[in-house]
Amino acid sequence: MAAPSTSASTASHGESAPAYINVVPVRHYGRWIAAAAAVAAVGGLIGSLAKNANLHWDVIRHYLFAGLIFDGLVTTLWLTAAAMALGLVLGTLIAVMRLSANPVLYALSSLFVWVFRGTPLLVQIIFWGYAAALYKKVLIGIPFTSITFVEADTNSLLTPAVAALLALGLNEAAYASEIVRAGIQSVDHGQTEAAHSLGMRPALTMRRIVLPQAMRVIIPPMGNETINMLKMTALVSVIAAHDLMSNIQDVYAQNYQVIPMLVVASIWYLALVSLLSIPQAWMERRYGRGTSGGARISPLQRMLAGAAGLGRAKKESQR
């Protein structure tokens with residue numbers, strides 16, 4: 001940046017200061033060349049896909065708003081919402097257990113996280129989908145006795161939708177517990193000690209003092225978990241849970257248009273993820289206020305601030 005400046009030595013010799021400061025921005029030719037190459041590559045890819053007859057755009061247009069696709073979308077959305085609710089509630093309980101001084105509660109919660117975070121989600125979905133092969137009936141009663149209160153057939157109880165919900169919810173609980181635990185540990189321990197000194201019980205302290213402050217750390221990554229959950233629902237197609245991906249597979253199993261139907265699924269997943277990204281960005285800004293990364297300045301704001309600063313400098317030099 002070339003800019004004539006006035007120093008203290010020149011001012012002492014009686015030379016007059018310039019009327020304004022001329023700032024010349026540095027030209028980054030390499031950036032423009034790289035940007036042009038990237039735009040050309042993306043444009044070429046889009047053009048080749050648009051002209052590719054093997055994509056069968058007529059098939060994509062026909063099934064994009066088909067009733068079968070909307071039925072799958074409804075299942076995908078309620079699975080996402082229900083699994084996140086189950087995972088958040090159970091994950092909060094497990095996080096509190098892991099922070100407990102009781103060794104039994106700590107061991108049980110650590111075992112839960114170890115099992116459900118250490119095995120692939122696909123394996124868990126298949127396990128719950130075929131749980132009837134392990135237990136023919138589900139019994140609720142007094143252990144080690146013949147007393148039974150409730151008895152139900154496993155196949156009728158664990159439908160594909162219920163099995164998918166259990167697999168997704170329990171798996172999410174393992175990850176949510178770690179997020180909640182990190183949020184709780186981010187709150188200064190002096191807050192807990194101060195609450196206890198006022199006579200508040202541990203449960204009330206956790207509910208009224210610790211958790212509200214931990215939300216700043218908990219909520220933003222939970223937005224990422226929700227988006228990830230929406231995409232992970234595609235895995236329940238292996239047990240035919242009638243979600244979006246299951247219905248897509250049913251269609252291309254009949255018309256053999258695999259790629260066009262996968263394009264239909266990708267369009268809908270991208271649309272749903274884009275919609276979920278809006279409240280996620282708002283929550284990150286809302287709960288990130290007061291932190292170093294909570295209020296970022298855009299390039300336009302920097303440019304306007306720089307122009308305002310130059311304007312003030314010019315006025316001061318002309319006085």
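**View 1. The S1–S2 hairpin of the predicted model.** Strands S1 and S2 form a hairpin, with six residues between them. Phe144 in the turn has a positive phi of about 65 degrees. S2 covers residues 148–153, runs antiparallel to S1 and is joined to S1 by five bridges. Leu139 has Glu151 in S2 as its bridge partner. Lys137 stands opposite Asp153 in S2. Strands (E, at least two residues) and helices (H or I, at least four) are DSSP runs, numbered from the N terminus; two strands pair if DSSP finds at least two bridges between them. This is a predicted model: local features need pLDDT of at least 70, side-chain atom pairs count only at pLDDT 80 or more, and totals for chains, interfaces and linings use all residues. Residues are numbered from 1 along each chain as its sequence is written, and side-chain values use heavy atoms, with hydrogens and water left out.

**View 2. A nonpolar surface patch.** Ile140, Ile142, Ile147, Phe149 and Val150 form the patch, with about 470 Å² of accessible area together. Ile140 lies in S1, residues 137–141. Patch residues have over 30% relative accessible area and no salt bridge; nonpolar side chains (Val, Leu, Ile, Met, Phe, Trp, Tyr) are joined within 5 Å, like charges within 9 Å. Areas come from the Shrake-Rupley method with a 1.4 Å probe, and for residues only the protein chains shown count as cover.

**View 3. The Glu178–Arg98 salt bridge.** The closest N and O atoms of Glu178 and Arg98 are 2.5 Å apart. This pair links distant parts of the chain: Glu178 is in helix H8 (residues 160–186), Arg98 in helix H4 (residues 67–98), 80 residues apart. The count comes to three salt bridges, each a side-chain nitrogen of Lys or Arg within 4 Å of a carboxyl oxygen of Asp or Glu.

**View 4. The largest pocket.** Its volume is about 340 Å³. Of the 15 lining residues, Thr192, His196, Pro202, Met206 and Val210 are the closest to the centre. Helices H9 (189–197) and H10 (202–232) each give two or more residues to the lining. A pocket is an open set of points on a 1 Å grid where a 1.4 Å probe fits, with protein on both sides within 12 Å along at least five of seven lines; lining residues have an atom within 4 Å of a point.

Technical notes
Points joined across faces, edges and corners; volume = space filled by probe spheres on them.
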